[in-house]
Amino acid sequence: MSNTLAGYPTSLRPYERRPQGPTTYDLAVFGVFTIVATAMTTTPALRHWFVLPVALLGIVVGGDAVAWLRGRLDLFSPLGCFSVFGVHFFFLAPLLQIALDYRTLSPIAQPEDYRPWLGITAVLNLIGLALFRTCVEWCLRRRSRTPLRSHWSVDPPHFRFLLLVLMSASTCAQAYVYFRFGGLSGYVHAFETTSNSFTGWGWIFLLSESCPVLLTMFILTSPKRQRRRGWQSVTGLCLAVGLTALLFGGLRGSRSNTVFQVVWAVGVFHLWVKKLSRPRIALVSAGLVAFMYLYGFYKDFGSQAVNVASSIGAETVAVSKGHRDFLGMLLGDLGRSDVQAILVKRSVDSALDLAWGRTYLGAVAILIPRELWPDRPPAKTKELTEAEYGKGTYSPGIFVTSHVAGLAGEAVLNVGIIGIPLIFGLFGLLVGKAEAFYRAIGQRDSRLLLMPWVSVLTCMALASDSDNDVFSVIKFLAIPIIVVGVGSTRVRQAATGVGRRAAGNLLVGR
C-alpha cells in the first residue's frame with residue numbers, strides 16, 4: 001500500500017508491517033559503534049566514560065537520521081532534519097571537541113578537563129531526548145485520529161498580485177535603507193565600523209529583506225516553472241536567491257539571512273516542483289557550508305575579507321580574530337558542546353544566578369522597539385556573560401559575551417540542569433505537531449510553501465537562544481504567512497484516513 005508524504009507518493013508501508021533487512025536503529029548502532037571504536041583506538045583522550053552517553057545519544061538521533069537517509073522520512077521532514085543535524089550536534093561535536101582539543105570559550109571559563117561535564121551533559125540530553133521522542137510519537141498518534149479537514153489552494157490572481165505589491169514595497173524599503181546609509185558602500189562601512197549601526201531598524205528590515213522569499217514564491221508557483229525541472233534549475237535558483245539575499249540584507253553581517261533563504265528555496269522546489277535526491281541536497285549543503293566559512297571572514301574583516309581569506313595566514317588571522325576558521329564554524333557555530341558543559345558545571349557548583357524565565361521574557365521583548373521600552377530586559381546575555389566570566393562582569397554596551405547557549409544551555413540558565421529534560425519535552429511537542437502536519441498535508445496545498453521554514457527553524461532552535469528564535473520566526477515567517485493566508489482559498493474535505501496512515505509511519509523500520 002502506498003502513502004502520501006507531503007504531497008508525494010512514497011513507498012512507506014503501514015506501521016504494523018515491518019520491512020525485511022536491518023532496521024534503522026540496527027544501522028545506527030553499527031555506524032556509531034564503528035565511529036566510536038575507531039576514534040578511541042586512534043585518540044587516547046577519548047578513552048573516557050563520557051563517550052558512552054555521547055554514543056547513546058548518537059544512536060537515539062541516528063535512528064531517524066538513517067530513516068531520513070533511506071528515504072523513510074521525507075527530505076524536508078522536520079523530524080528528519082532535526083535528527084540529521086542532531087547527529088552532529090549531540091554526537092560528533094563533543095567527540096571532535098575532545099579529539100582536537102578545540103576550545104571556543106575564554107581561558108577563564110574553561111575547566112582543566114571538559115570530559116566529565118560533557119558526560120553529565122550527555123546524560124541529561126539522553127533523558128531529554130527520551131521525553132522528546134515520547135512527545136513526538138504522542139503528537140503523531142493524536143493527528144492520526146484528527147486528520148486535516150481543509151485544503152488550501154493558491155488563488156493565482158490574488159496570490160501573484162499580492163506578491164508583486166509586496167516585492168515592490170520590499171524593493172523600495174531596501175532602496176531607502178541604502179539611501180539612509182549613503183549607498184551600498186556606506187551600508188558596508190556602517191557594518192564595519194560599529195556593532196550598533198543597525199539598531200532600531202528591525203521592523204524596516206522585516207519588509208526590506210523579504211524580497212528574495214517573495215520573488216522565489218512568485219517564480220516557483222508560476223505554471224511555466226513546472227515544465228522546468230532540471231538540475232540546472234536548482235543550481236540557478238540557489239545562485240539567484242543567494243545573490244539577491246546578499247543584496248537584500250546579507251551584507252550587514254548575517255549569514256543566516258542568505259543561508260536560510262537558499263535552503264527554503266530548495267525546499268519549496270522539492271515540495272512544489274520536483275522531488276530532489278539526497279546526493280543533490282548534499283552538494284547544495286556543501287556549497288552552503290563553504291559559504292558560511294567564507295562569510296565568517298566578512299563578519300570579521302568586512303570589505304577586506306577577500307584579501308584576508310586569500311592570504312597565506314588566513315586561518316591564523318581568523319582564529320586570532322574570533323574563531324573564524326573551519327573548526328570554529330563546525331564546533332562553535334554548529335555546536336554548543338563546550339558552552340553547555342560549562343553551564344552544567346556552573347549549575348552543579350551553584351555558581352549560577354538563575355534567571356527563572358527572564359531570558360525568555362527578554363526574547364519576546366525584542367519585538368517592542370527600544371524607543372517604546374527603553375529599559376526592556378536583556379535576553380540571555382546577562383546570565384551567559386556572568387556564567388562565562390564571573391558575576392558582575394556583565395556591562396550592557398561595554399562587555400557582553402558573544403557566545404550562544406543553545407536550547408539546552410538557555411534552559412540551564414533559567415532553572416538549572418532540570419531544565420534540559422523539560423525543554424526537550426516541550427520542544428518535542430512542537431516538533432511532533434510540525435511533523436504530523438507535514439505528513440498529513442496534501443499535494444499542492446499552499447501551506448507547503450511554509451514547511452521548509454519550519455524544518456530550518458527546527459534545526460536552528462537546537463543551537464540558538466530564544467531571542468534568535470523569536471527574531472528568526474518573525475523575520476522569515478511573518479510575511480510568507482500573510483501571503484499564504486491572504487492569497488489562498490480554503491476547501492473543506494472529508495477525512496480520508498491519509499493522515500492516519502501517514503502518522504503511523506513514524507517507527508517504520510525500527
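This is a predicted model: local features need pLDDT of at least 70, side-chain atom pairs count only at pLDDT 80 or more; totals for chains, interfaces and linings use all residues.

Me: How many helices and strands does the protein have?

Reply: There are 22 helices and four strands. These are DSSP runs numbered from the N terminus, with helices being H or I of at least four residues and strands E of at least two.

Me: What share of the residues is buried?

Reply: Of the 510 residues, 56% count as buried. Buried means under 20% relative accessible area, exposed over 50%, and partly exposed in between (1.4 Å probe, protein chains only).

Me: And the accessible surface, how much is there?

Reply: About 22200 Å², of which 66% belongs to carbon and sulfur atoms. The areas come from the Shrake-Rupley method with a 1.4 Å probe, and for residues only the protein chains shown count as cover.

Me: What about contacts between residues at least 24 apart?

Reply: They make up 79% of the contacts between residues at least 6 apart in sequence. Contact means heavy atoms within 4.5 Å.

Me: How many salt bridges does the structure hold?

Reply: The structure holds 15. A salt bridge is a side-chain nitrogen of Lys or Arg within 4 Å of a carboxyl oxygen of Asp or Glu.

Me: Which residues are linked in a network?

Reply: Asp64, Arg133, Glu137 and Arg141 are linked by salt bridges.

Me: And glutamate 435 with arginine 439, buried or exposed?

Reply: Both glutamate 435 and arginine 439 are buried. Their side chains meet in a salt bridge at 2.6 Å, N to O. Because they are four residues apart in helix H19 (residues 419–440), about one helical turn separates them.

Me: What does aspartate 349 form a salt bridge with?

Reply: Its partner is lysine 345, with the closest N and O atoms 3.0 Å apart. Aspartate 349 is partly exposed, at a relative accessible area of 40%.

Me: Moving to H4. Where is threonine 121, and what is it in contact with?

Reply: Threonine 121 is in helix H4 (residues 115–145), and at 4% relative accessibility it counts as buried. Leaving aside neighbours within four places in sequence, threonine 121 is in contact with Gln340, Ala341 and Val344.

Me: What about serine 144?

Reply: Serine 144 is also placed in H4, and at 14% relative accessibility it counts as buried. The C-alpha atoms of serine 144 and alanine 440 are separated by 8.7 Å, although these residues are 296 apart along the chain.

Me: Last one: which residues make the nonpolar surface patch?

Reply: Trp49, Val123, Ile127 and Leu131 make a patch of about 350 Å². Patches are made of residues with over 30% relative accessible area and no salt bridge, joining like charges within 9 Å and nonpolar side chains (Val, Leu, Ile, Met, Phe, Trp, Tyr) within 5 Å. Tryptophan 49 lies in the loop between helix H1 (24–42) and helix H2 (51–69), and is partly exposed at 44%.

Notes: Residues are numbered from 1 along each chain as its sequence is written. Side-chain values use heavy atoms; hydrogens and water are left out.
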